[in-house]
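Thank you all for coming. I would like to walk you through one protein, starting with its overall layout and ending with a single residue, so please keep the structure in view.

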Amino acid sequence: MLFTGFPDSSVGNESACNARDPGLIPGLGRSARERIWRPITATFYFPVGPGTGFLYLVNLYFLYQYSTRLETGAFDGRPADYLFMLLFNWICIVITGLAMDMQLLMIPLIMSVLYVWAQLNRDMIVSFWFGTRFKACYLPWVILGFNYIIGGSVINELIGNLVGHLYFFLMFRYPMDLGGRNFLSTPQFLYRWLPSRRGGVSGFGVPPASMRRAADQNGGGGRHNWGQGFRLGDQ
């Protein structure tokens with residue numbers, strides 16, 4: 001269980017996890033007060049060994065590459081909104097981890113971030129291993145298959161993709177494409193801690209003015225084109 005130890009069968013390094021209980025304070029789990037840190041340590045710890053080192057490096061690369069692209073693209077100048085996305089995805093992954101007896105949460109969180117980027121830039125052509133090229137919307141599923149080949153499991157990647165899809169659907173797809181209500185919004189205290197660096201910001205779930213003008217010129221009907229990529233709050 002997430003709250004009782006780190007024998008992680010999903011990355012095939014159970015002995016290393018049990019031998020040192022790495023990434024955890026000695027004696028953690030003896031009281032409920034200490035157990036509250038388990039979701040945090042489970043997110044940042046990864047058992048690096050001969051069989052998992054390459055998988056760890058690949059996922060660190062994905063984290064840096066696509067987290068940076070989100071921060072400088074769709075979430076440019078909006079650190080509070082970006083932090084809220086991370087918190088929402090992390091909470092969903094922790095709940096799923098408790099329900100499914102998952103040990104480590106790093107890969108699902110990385111995949112959820114990558115999935116959001118891929119959907120916001122779904123028609124962009126990306127390059128992958130061995131010179132393969134395809135649309136960005138397929139990237140999370142290609143990585144799922146790639147990690148299955150080198151790691152032997154797809155549960156972590158699948159959960160990350162599903163959580164990323166949940167965030168994308170509730171924050172963008174449902175209110176913008178389908179005209180539904182806004183189920184997610186960044187709490188105001190996050191804006192106080194991390195104020196936006198750009199003015200004239202449109203709220204989540206409402207297309208910025210530039211998008212509304214473009215939709216009106218196209219007749220106002222049909223589905224929104226997600227393939228171009230955008231920055232939230234552009235006027």
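Read along the sequence, the protein follows the pattern α-α-α-α-α-α-β-β-α-α-α-α, and its secondary structure comes to 10 helices and two strands, where helices (H or I, at least four residues) and strands (E, at least two) are DSSP runs numbered from the N terminus. What we are looking at is a predicted model, in which local features need pLDDT of at least 70 and side-chain atom pairs count only at pLDDT 80 or more, while totals for chains, interfaces and linings use all residues. Residues are numbered from 1 along each chain as its sequence is written, and side-chain values use heavy atoms, with hydrogens and water left out.

Of the 235 residues in the protein, 47% are buried, meaning under 20% relative accessible area with a 1.4 Å probe and protein chains only, against over 50% for exposed and in between for partly exposed. If we take contacts with a separation of 6 or more, residues 24 or more positions apart account for 67% of them, a contact being heavy atoms within 4.5 Å.

Let me turn to helix α5, which covers residues 79-100 and, with 22 residues, reaches 31 Å from its first C-alpha to its last, close to the 32 Å expected at 1.5 Å a residue; that expected span is 1.5 Å times one less than the number of residues. Among its buried residues are Tyr82, Phe84, Met85, Phe88 and Cys92. An α-helix has 3.6 residues a turn, so residues three or four places apart point the same way. Which helices do the buried residues of α5 pack against? They pack against α3 (38-44), α4 (53-72), α6 (106-120), α8 (155-177) and α9 (188-193). After α5 comes Asp101, whose phi is positive, near 60 degrees.

The second largest pocket is lined by 16 residues, of which Thr43, Phe44, Leu86, Trp90 and Leu109 lie nearest its centre. Two or more lining residues come from each of α3, α4, α5 and α6, and α5 gives the most, with five.

Thr52 and Ile150 are 98 residues apart in sequence, yet 8.7 Å apart in space, C-alpha to C-alpha.

Notes: 1 Å grid on protein atoms, 1.4 Å probe; cavity = no way out; pocket = protein on both sides within 12 Å on 5 of 7 lines; lining within 4 Å.
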